[in-house]
Amino acid sequence: MTDQTTPTTDVRLRTTLAGVPGYKPGKPAAPRTDVTTYKISSNENPYPPLPSVLKVVQDAATQMNRYPDMAVSALTAKIAETLDVPAEHVATGTGSVGVLGQLLQITCEPGDEVVYAWRSFEAYPIVVALAGATSVQVPLTADARHDLEAMAEAITDRTRLVLVCTPNNPTGPVVHADELDAFIATVPSDVLIVIDEAYLEFVRDGDAPVALDVYREHANVAVLRTFSKAYGLAGLRVGYAVAQAPVAEALRKAAVPFGVSTVAQEAAIASLDAYDELAERVTALVQERGRVLEALRGQGWDVPETQANFVWLPLGEDTVEFAEIADDAGLVVRPFAGEGCRCTIAETEANDRLIEVAGAFRNR
């Protein structure tokens with residue numbers, strides 16, 4: 001047998017790592033014999049891949065012995081055509097969180113500041129810390145929305161990046177166009193404003209901004225999007241940013257070489273081609289969202305107005321207990337201890353289970 005003793009090491013790791021929180025993915029639903037289990041902890045699209053997309057994936061998989069196109073040329077051109085933007089304004093990456101990391105790399109030196117709402121996307125403090133930058137977290141309002149006035153006041157001469165997550169993950173509300181316009185007017189022109197629209201396709205609020213119009217009007221605005229949610233490609237890791245040419249060029253320099261696989265690129269292109277079909281699924285999820293929201297509010301829950309594919313239960317100190325009870329019932333939610341649970345709109349049966357568990361918990 002080989003010696004299993006772990007050797008000691010004097011390797012010096014970055015001191016920054018001591019303060020970097022680990023990303024906590026949604027816990028998978030363990031199979032059970034007594035009940036069908038559902039994972040509603042990761043905001044995944046519950047529908048399987050479209051047959052047309054799956055066929056493209058199968059064909060592309062035969063090329064896995066070859067490196068992908070490092071420039072992601074075909075997908076870049078398709079995104080540019082779809083959005084009516086110049087191709088040189090598009091930069092791709094391994095999911096929107098991968099592109100987010102690139103955004104930090106191209107804007108921040110150690111000690112620079114990044115302003116964002118909190119609570120918001122869990123990856124924000126991680127990527128900021130790994131870039132050597134400092135997070136400036138601005139509390140959400142009482143109705144779980146961005147406080148853009150307070151965020152504007154938090155900007156200093158050390159601020160290099162501002163993140164606006166709309167709809168906000170994990171609480172659900174969007175910022176409104178007039179609020180965003182007023183906010184941008186206060187931000188120095190040398191600070192990059194990133195509008196993170198991972199859940200854009202689920203938005204039905206008429207007051208939400210048209211982020212691409214905002215990017216066209218302001219040279220310091222970038223738009224961040226993903227194929228993981230509405231398009232159902234979470235497992236393939238492909239996202240993109242739309243930004244003015246100097247920013248997009250810098251993003252391409254910071255990208256992991258060959259990060260977007262051929263399979264991911266072809267699946268994303270096929271999904272854009274099949275968006276009308278995908279949109280039917282999005283509409284169904286939005287309708288389910290409305291049903292769940294109405295039911296939860298009818299039980300007395302103070303659920304924020306969500307424009308994403310999830311709902312937020314502000315449970316406070318009861319968060320972990322609720323998550324455990326839901327788990328016992330075969331429903332895996334995403335708890336944020338001391339704050340609340342994010343629950344994905346999923347299969348009808350899973351949504352019914354959520355309403356049932358939440359009602360029982362409310363009346364316990």
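**View 1. K39 and E44 join their side chains in a salt bridge.** The N to O distance is 3.2 Å in this predicted model. K39 is partly exposed, at 28% relative accessibility. E44 is partly exposed too, at 33%. A search of the whole structure finds 16 salt bridges.

**View 2. A salt bridge ties E339 to R119.** Their closest N and O atoms are 2.7 Å apart. The pair links distant parts of the chain, 220 residues apart. E339 sits in the loop between β11 and β12, and R119 in the loop between β3 and α4. R119 has a relative accessible area of 14%, so it counts as buried. E339, at 29%, is partly exposed.

**View 3. R225 and E197 form a buried pair.** Their side chains meet in a salt bridge of 3.0 Å, N to O. R225 belongs to strand β7, while E197 lies in the loop between β6 and α7. The two are 28 residues apart.

**View 4. Salt bridges link E288, R291 and D352 in a network.**

**View 5. K229 carries a UniProt annotation.** The unreviewed entry places "modified residue: N6-(pyridoxal phosphate)lysine" here. K229 lies in the loop between β7 and β8. Its relative accessible area is 16%, under the 20% cut-off, so K229 is buried.

**View 6. D178, D181, D207 and E217 form a negative surface patch.** D178 is in helix α6, residues 177–184. With a relative accessible area of 56%, D178 is exposed.

**View 7. V11, L13, L17 and L130 make a nonpolar surface patch.** The patch covers about 390 Å². L17 is in the segment before β1. L17 is partly exposed, with a relative accessible area of 40%.

Methods:
Residues are numbered from 1 along each chain as its sequence is written. This is a predicted model: local features need pLDDT of at least 70, side-chain atom pairs count only at pLDDT 80 or more; totals for chains, interfaces and linings use all residues. Side-chain values use heavy atoms; hydrogens and water are left out. Patches are made of residues with over 30% relative accessible area and no salt bridge: like charges are joined within 9 Å, nonpolar side chains (Val, Leu, Ile, Met, Phe, Trp, Tyr) within 5 Å. Accessible areas come from the Shrake-Rupley method with a 1.4 Å probe; for residues, only the protein chains shown count as cover. A salt bridge is a side-chain nitrogen of Lys or Arg within 4 Å of a carboxyl oxygen of Asp or Glu. Lys and Arg count as positive and Asp and Glu as negative; His and the chain ends are not counted. The place of a charge is taken as NZ of Lys, CZ of Arg, CG of Asp or CD of Glu. Helices (H or I, at least four residues) and strands (E, at least two) are DSSP runs, numbered from the N terminus. Buried means under 20% relative accessible area, exposed over 50%, partly exposed in between (1.4 Å probe, protein chains only). UniProt positions are given in the numbering used here, feature names are shortened, and annotations may be inferred rather than shown by experiment.
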